[in-house]
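Here is a short briefing on a structure. Look at the model first, then read the notes.

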Amino acid sequence: MPIVSASVPARTRLDFWFDAVILVGYTVAYSYGFTGVVIHEWLGIALGIALLLHLTLHWDWVVRTTIRLLRPRGPDKLIWLVNLALLFFMTLCVLSGILISRVALPELGIRLPVEGPFWDPLHTLTAEVTLGLVPVHVALRWRWIAGVARRLVARRPLSRRPQ
Amino acid sequence: MRFLRQLAAAAAVVTAVVLIGLAWGHVAPGSLGGSGGRQFTVRGRVVKGLPASAQPPPGAKPPPGIELTRGGPSSIPSLQLGDLLQPVNLAVLWKTAWIEAAVIAAVVLVDAGFRKRRRASRPSR
């Protein structure tokens, strides 16, 4: 008998699994000593693209929450601030990573004339800040995550249509 | 169409941050106090990359656990896929996962505590 996830809309499933993949990808990419430079750089570039898509998929939330910020007791203020900080630091992390790339960009035939003592430490600094912000970003949505996970786990058999 | 509009808006925000970063690097390149060399961990060792022009003093040896490499593509330490599962490399991944799990657990506990207190302080109808 076929099994389907109980009452989880397709868009919610997409958000859940896409975000889970981004989290795992980020964890692996941050662990430079685990991946080595080649995987680290390609994964970092992929994460940059994935994060742009993530932001796009949640753009409605960004607009809605930004408008509500003006209200004195508007919801999600803390989440909005954390997300803004994460957007800032993650973008700078990916940018600096691309600019100091030693494998991925040269392999694509791109050589950026970037030298100097700025981008390396910026990459390290922003990576460390994002390691603090990413789990906070995830944890502030723990009720949504737990709710969707519970519904995804609670599978029910698909009843057969009457003939 | 709606997706493309949102993608354009998101890309515009990201571009703005990129421009801020580039401007920061242009205006205050020394503000982060970097040395120019690259430091990274490979197979549990700290590897310090030397700029291509730098010459270590004759006979100089790096401290134990430190490996000096010359800048340039040939010096890039690269792991084979099989190396990823070496315990010393896996430990790096576990460390990252532990940090994330610890922060998530702490935030969830604090958030749950706040919600509980807020519920308790509400006047019962």
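Predicted model: local features only at pLDDT ≥ 70, side-chain atom pairs only at ≥ 80, totals over all residues.

Chain A and chain B are in contact through 39 residues of chain A and 42 residues of chain B. The largest nonpolar core has 26 residues.

**Chain A against chain B**
- By class, the residues of the side of chain A that touches chain B are 29 nonpolar, 8 polar and 2 charged.

**The largest nonpolar core**
- Within this core, Met90(A), Cys93(A) and Val94(A) have the most contacts.
- At least two residues of the core come from each of helix 1, helix 2, helix 4 and helix 6 of chain A, and from helix 1 (2–27) of chain B.
- Helix 4 of chain A supplies the largest share of the core, 9 residues.
- Leaving aside residues up to four places away in sequence, Val94(A) touches Gly44(A), Leu47(A) and Gly48(A).

**Helix 6 of chain A**
- Helix 6 of chain A has 21 residues, so at 1.5 Å a residue it should span 30 Å.
- The end C-alpha atoms of helix 6 of chain A are 30 Å apart, which agrees with that expectation.
- Helix 6 of chain A bends by about 25 degrees at Leu131(A).

Definitions and conventions: Residues numbered from 1 in each chain as written. Chains lettered and ligands numbered in written order. Contact = placed C-beta atoms within 7 Å. Nonpolar A, V, L, I, M, F, W, Y, C, P; charged D, E, K, R; others polar. Core = buried A, V, L, I, M, F, W, Y, C linked by C-beta atoms within 7 Å. Buried ≥ 20, exposed ≤ 12 C-beta atoms within 10 Å, placed from the backbone. Helix = DSSP H or I, 4+ residues; strand = E, 2+ residues; numbered from the N terminus. Expected span 1.5 Å × (residues − 1). Bend = angle between axes of the 7 residues up to and from the residue.
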